[in-house]
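Me: Got a model open here and want to go through it piece by piece. Can you take some questions?

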Amino acid sequence: MQGSCLCASVKFTLSYSPKTFYRCHCSLCRRQTGTESNYATLVHRQHFTWSTGEASIHSWKKASGYRNDFCQHCGSTVPNPLAQVPYFWVPLGLLDGIEHYQCVADFCMQDCPSILPSIHTYREPVQSLEQLLSLLRLE
C-alpha cells in the first residue's frame, strides 16, 4: 500500500493494508488536522518504508512530547516514528486505495465538539463555489 503527502514530495510504502484505525478528538489532534479528530493507525516499522522525500520532513514538538512531522513543501502531516517503540503513527488520509477500514476506538470524547448529522450528502465533489456558498448559507 502506498501513501504520500499532498504534493507527493514525501512518499512511503506499507507492506500490508491496515484494516483498523482510531480517532482522537483531543485539542492537539483537532488543531493538527483542522477537523474534529484525527484518523490514524499504527504500523510496525518492519512494514513501513520511506519511498522518497524523507529529507523534506520537518518536526515540531511540544515539551509534553507531542510531535507533528510535516512536509516542508505542502505542510501535510506525515507519518512519524513513535518514541522508544518500533511503530510509526500513520494518518489514514495519506493512504492510497483506502477500502474497508474499521474504527476501533474514539479517544478524548470529552473534547469532541457536538456535530449534527449532515443535511445533504453527495457522492461527488462540490461542483462550484456558488454551490458551496449556497449550502453554507453565505449567499
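Me: Which strands form the open sheet, and in what order?
Reply: This is a predicted model. In it, five strands form an open sheet in the order E8-E9-E4-E3-E10. The pairing is mixed.

Me: What stands at the edges?
Reply: E8 and E10, the latter covering 102–107. Each has a single partner strand, so one side of each is left without a neighbour in the sheet.

Me: In what sense do E4 and E9 pair, parallel or antiparallel?
Reply: Antiparallel, over five bridges, with E9 running over residues 87–91. Within that pair, Ala40 stands opposite Pro91 in E9.

Me: Switching to E6 and E7. How many bridges there?
Reply: Five, in the antiparallel sense, between residues 57–61 of E6 and residues 67–71 of E7. Trp60 stands opposite Asn68 in E7.

Me: And how many residues between the strands of that hairpin?
Reply: Five residues lie between the strands. In this hairpin Gly65 takes a positive phi near 105°.

Me: Pockets now. What space lies in the largest pocket?
Reply: About 370 Å³. The lining has 16 residues, and those nearest the centre are Tyr66, Arg67, Asn80, Leu82 and Trp89.

Me: Which elements supply at least two residues of that lining?
Reply: Strand E3 (20–24), helix H1 (27–33), strand E4 (38–44) and strand E8 (80–81). E3, E4 and E8 also belong to the open sheet.

Me: How do the residues of the lining divide?
Reply: Nine are nonpolar, five polar and two charged.

Me: What volume has the second largest pocket?
Reply: About 270 Å³. Its lining includes Leu116, Pro117, Ser118, Ile119 and His120, and also Tyr122.

Me: One residue I wanted to check is Ser37. Where is its place?
Reply: Ser37 is in the loop between H1 and E4.

Me: Buried or exposed?
Reply: Buried. Ser37 has 2% relative accessibility, and buried means under 20%, so the residue counts as buried.

Me: What is Ser37 in contact with, leaving aside neighbours within four places in sequence?
Reply: Arg23, Cys24, His25 and Arg30.

Me: And which side chain makes a polar contact with the side chain of Ser37?
Reply: That of Glu36, at 3.3 Å.

Terms used: Residues are numbered from 1 along each chain as its sequence is written. This is a predicted model: local features need pLDDT of at least 70, side-chain atom pairs count only at pLDDT 80 or more; totals for chains, interfaces and linings use all residues. Side-chain values use heavy atoms; hydrogens and water are left out. On a 1 Å grid over the protein atoms alone, a cavity is a set of points where a 1.4 Å probe fits but cannot get out, and a pocket is an open set with protein on both sides within 12 Å along at least five of seven lines; lining residues have an atom within 4 Å of a point. Grid points are joined across faces, edges and corners, and a volume is the space filled by probe spheres set on the points. Helices (H or I, at least four residues) and strands (E, at least two) are DSSP runs, numbered from the N terminus. Ala, Val, Leu, Ile, Met, Phe, Trp, Tyr, Cys and Pro count as nonpolar, Asp, Glu, Lys and Arg as charged, and the others, Gly among them, as polar. Buried means under 20% relative accessible area, exposed over 50%, partly exposed in between (1.4 Å probe, protein chains only). A polar contact is a pair of N or O atoms within 3.5 Å; within protein, one must be able to donate a hydrogen and the other to accept it, and residues adjacent in sequence count only if both atoms are side-chain atoms. Contact means heavy atoms within 4.5 Å. Two strands pair if DSSP finds at least two bridges between them.
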